[in-house]
Amino acid sequence: MRGLLRLSQQALTASRAYSSSSTPERKVAILGAAGGIGQPLALLMKMNPYVSDLALYDIQGTPGVAADISHINSKAKTRGYAGEEQLGEALKGADVIIIPAGVPRKPGMTRDDLFKINASIVKGLISAAAEHAPGALLNIISNPVNSTVPIAAEVLKQKGTYDPKRLFGVTTLDVVRARTFYAEAKGISVADVEVPVVGGHAGVTILPLFSQATPHKDLSHEEAIALTKRTQDGGTEVVQAKAGKGSATLSMAYAGALFADACIRGLNGEPDVEEFTFVESKVVSELPFFSSKVKLGPTGAEKIFDLGKLSEFEEAGLKDLIPELKSSIDKGFEFGRSG
Ligand SMILES: NC(=O)C1=CN([C@@H]2O[C@H](COP(=O)(O)OP(=O)(O)OC[C@H]3O[C@@H](n4cnc5c(N)ncnc54)[C@H](O)[C@@H]3O)[C@@H](O)[C@H]2O)C=CC1
Ligand SMILES: O=C([O-])CC(=O)C(=O)O
């Protein structure tokens, strides 16, 4: 998460200092690139100095987005791909595939209400990724993440290309929010703040660990409850404020760009690249997928860290999230295995 500042600094110097850097060529493909998240995410990846090729795929709208972004004088060669017949070409040779394709929530909906539409979209896209870019790191943003990631795992198993170290559910936005809300509440500079967020990516399955936040500040029980609830409801706060016009897009693009940047730096062999992400895990024995701190390296998720010491309040939160997260994971497995 120290990448926060680094990424914005890099963005400013992208077209100069780094354009002739000696890091490997890296191709990033964004699937759903013409959408609310896809467009600003494409912009941020175009500004990332480690990206040499940027493939923007969507069922529609990508020629315009790609033409627009391609005029920016940074390193990444940008191409747009529209329609299923161009999906294979978009994916070919990708190192990192970011998937924000699918419908967003409207007020009154849960993320699980998106399952009906997004499950099939993710299934189709992962199937194509397995065929055309079997070695890529997969960053899944499409909701419900608690189910779409297990769907992806099952599809990849059927295709014979499943490597748990290369499949990630993007939960970075929960960490971004927890850092912001904690810094605001305690009146400290957000640039210095770290807050672990573990579990899943929906309601009570999002478990921020404010007892481990740094710099450490004492929180009353009431403060811990309020900050936890605000982090868990962060997505809903945006859905309600947008009043029918979708969910978080700009903050998600930022979070997605941070996570993809970490994946690339890991692939490039940079040491100590660590992020929170939803992966196949043994951290909580009942849950085959769980978000916790992961070390990213040349082969993907190279180490999954334990949770550390939880407060009594967080222990209770962990116990409470298990049934919902388990049921969402199982729902994903079942759909992924079907047909
Ligand atoms: N993981 C997280 O923290 C977050 C996840 N999300 C999720 O991200 C998803 C996208 O959200 P928005 O960008 O706001 O939605 P959007 O509707 O603005 O954009 C989605 C894009 O996906 C495209 N699409 C649909 N089917 C496709 C397919 N088969 N192949 C390629 N592209 C396809 C659409 O044409 C559209 O351009 C939603 O499911 C939303 O819930 C949103 C915020 C945070
Ligand atoms: O709340 C939503 O539907 C979108 C999302 O996942 C988030 O903003 O965290």
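UniProt places the feature "active site" at His201, in an unreviewed entry. UniProt positions follow the numbering used here, feature names are shortened, and annotations may be inferred rather than shown by experiment. His201 is found in the loop between β7 (197–199) and β8. Helices (H or I, at least four residues) and strands (E, at least two) are DSSP runs, numbered from the N terminus. Is His201 buried or exposed? His201 counts as buried because 27 other C-beta atoms lie within 10 Å. The cut-offs are these: a residue is buried if 20 or more other C-beta atoms lie within 10 Å of its own, exposed if 12 or fewer, and partly exposed in between, with C-beta atoms placed from the backbone. Leaving out residues up to four places away in sequence, His201 touches Val145, Asn146, Gly169, Thr171, Asp174, Ile206 and Phe278. Two residues are in contact if their C-beta atoms, placed from the backbone, lie within 7 Å.

This is a predicted model, in which local features need pLDDT of at least 70, side-chain atom pairs count only at pLDDT 80 or more, and totals for chains, interfaces and linings use all residues. Residues are numbered from 1 along each chain as its sequence is written, while chains are lettered from A and ligands numbered from 1 in the order in which they are written. The average pLDDT of the protein is 95, and 94% of the residues score at least 70. pLDDT is the predictor's confidence in each residue, from 0 to 100. Over residues 11–20 the pLDDT is below 50, and this stretch has twelve contacts in the model beyond near neighbours in sequence. Residues 1–5 also stay under 50, with seven contacts beyond four places in sequence. For the complex, the predictor gives an ipTM of 0.99 and a pTM of 0.96.

Now the ligands. There are 33 residues around ligand 1, and Gly32, Gly35, Gly36, Ala101 and Asn143 come nearest. A residue is near a molecule or strand if its C-beta atom, placed from the backbone, lies within 6 Å of it. Helix α5 (residues 115–132) gives the most to this shell, with four residues. By class, the shell around ligand 1 has 17 nonpolar, 14 polar and two charged residues. Here Ala, Val, Leu, Ile, Met, Phe, Trp, Tyr, Cys and Pro count as nonpolar, Asp, Glu, Lys and Arg as charged, and the others, Gly among them, as polar.

Pro144 is found in the loop between β5 (137–140) and α6 (145–159). Another cis peptide bond joins Thr214 and Pro215, with omega about -5°. Pro215 lies in the loop between β8 (206–208) and α8 (221–232). Most residues other than glycine have a negative phi, and most peptide bonds are trans. Ala243 has a positive phi of about 45° although it is not a glycine. Ala243 lies in the loop between α9 and α10, and it counts as exposed because it has 9 C-beta neighbours inside 10 Å. Asp272 has a phi near 55°, also positive in a residue other than glycine. Asp272 sits in the loop between α10 and β9 (273–280). With 10 C-beta neighbours inside 10 Å, Asp272 counts as exposed.

The largest nonpolar core has 104 residues, of which Ile30, Met45, Ile97 and Ala152 touch the most other members. α10 gives the most to this core, with twelve residues. A nonpolar core is a set of buried Ala, Val, Leu, Ile, Met, Phe, Trp, Tyr and Cys residues joined through C-beta atoms within 7 Å. Leaving aside neighbours within four places in sequence, Met45 is in contact with Val28, Ile30, Val51, Leu54, Ala76, Ala257 and Ala260. Met45 is one of the buried residues of α2. Helix α2 (residues 38–46) is mostly covered, with seven of its nine residues buried. What covers them includes β1 (27–31), β2 (53–58), α3 (62–70), β3 (77–82), β4 (96–99) and α10 (250–267).
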